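Open the model in your viewer and follow the stops below.

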Amino acid sequence: MGSIAKLISNIGQKALIASNTLRIANTDTKNNALLNIAAAIQENKQAILDANSLDIKIAKKNNIDSALLDRLMLNDDRLESVVEGLNQIILLNDPIGEVSDLKTRPSGIKIGKMMVPLGVIGMIYESRPNVTIDAAALCIKSGNAVILRGGSEAINSNMAFYNCIKQGLKQAGLNPHSVQLIEVTDREAVTELVKASDYVDAIIPRGGKGLIKNVSSNARVPVIKHLDGVCHTYLDIDADPQKGIDIAFNGKTRRYGVCNATETLLVHEGFDTKALSTLIELYNEKEVEIRGCEKSQKLYSAIKKASEDDWYEEYLGPILSMKIVESVDEAISHINKYGSAHTDAIVTDNDANSKKFLSEVDSSSVMVNASTGFADGFEYGLGAEIGISTGKFHVRGPVGLEGLTSQKYIVIGDGQIRP
């Protein structure tokens, strides 16, 4: 067995042992660990920012693209958001041990379902160092041990956060191996982790298409997929013009390098012409390149011609594709064909069209009169998210505490035997 394989096997064994104690830890103990981690982040703020500065410096030297650089960067506000996410998770109800659907059968036995942790989670992610804390916190609260494998571009930031996690676990009296960070950046570590079926119960990859494809092709354990975010905003004929401007502009330009950013703007041919002109001007001021269909090019000469590939593209940058459509049905058809089942929004005051959109768009989050930027675990009240599942198996949408649980049947009797 190679050295990397031995490393992953050793980490897996420790995680399995830790999971057996973490799954029965009480809520107060788990919350204390999160409180301690939050305090450690605040105490070690400068060390974390210094580590992140080193990662940024190396990333720039390696000509990393702007979207990934944005995801990689930490600052005071983002650290405050990380701590706030921890505080929100602390306030959430602990789902572990909850019993539901308890029913009495004719035999007199009572049958119900109890929420239980999945066990050991393998988390593979790129760029965003805040995922180290989000994933660790959600797994601790939901009673799951977690093995973290961040990208090489964020290794120093991840290590700084991991030191805070270890401190928090130790102070709370929890097994320090409840959260482990793979400290080697060798890609073989990912290959070995996704094959570790003796120890790992689920793999959650969070990153680019290449990472997701590699994990899905090689995994021997279930994968909760976080695919790309080809998100759409559709401006209906019955949309309030100002709402249309605000929502479409915010959805695209709030942050370019995030998976919930609007990448394609669909506009009904009857949408307010003046409002659309204003929106185009706002995009131009932000230097957003627009690639459009023939109809949109005829309306605005500055719009470049969109290729077929553009409709499938997650730009993660200041580029937007735009298409003029004849109906809500055409918009829905376009989304279901070209979208990635992440997040799609309609802006309309027409109840029938909003209900049709909600019913027929097959995505993990479907919105009415709201920016796609709200597709986020923090905004959904989950405290944070370990990822956004665009698949349909086990969990869909932002994955919070409940998404990291399963259920087992419990049967309560009083001496009954089966005839």
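**Stop 1: the cores**

Select the largest nonpolar core, which has 50 residues. Ile-41, Met-123, Val-179 and Ile-386 have the most contacts inside it. Such a core is a set of buried Ala, Val, Leu, Ile, Met, Phe, Trp, Tyr and Cys residues joined through side-chain atoms within 4.5 Å. Buried means under 20% relative accessible area, exposed over 50%, partly exposed in between (1.4 Å probe, protein chains only). Helix α6 gives this core its largest share, eight residues. Helices (H or I, at least four residues) and strands (E, at least two) are DSSP runs, numbered from the N terminus.

This is a predicted model: local features need pLDDT of at least 70, side-chain atom pairs count only at pLDDT 80 or more, and totals for chains, interfaces and linings use all residues. Residues are numbered from 1 along each chain as its sequence is written, and side-chain values use heavy atoms, without hydrogens and water.

Now pick Ile-41. Beyond its neighbours within four places in sequence, Ile-41 is in contact (heavy atoms within 4.5 Å) with residues including Leu-79, Ile-133, Phe-161 and Cys-164.

**Stop 2: helix α7**

Select residues 155-172, the 18 residues of α7. Which of them are buried? Among them are Phe-161, Cys-164, Ile-165 and Leu-169. Their cover includes α2 (27-43), α3 (45-61) and β5 (179-181).

**Stop 3: Gly-208**

Go to the loop between β6 (202-206) and α9 (209-218) to find Gly-208. Gly-208 counts as partly exposed because its relative accessibility is 31%. Glu-126 lies 82 residues away in sequence, but 7.9 Å away in space, C-alpha to C-alpha.

Definitions and conventions
Expected span 1.5 Å × (residues − 1).
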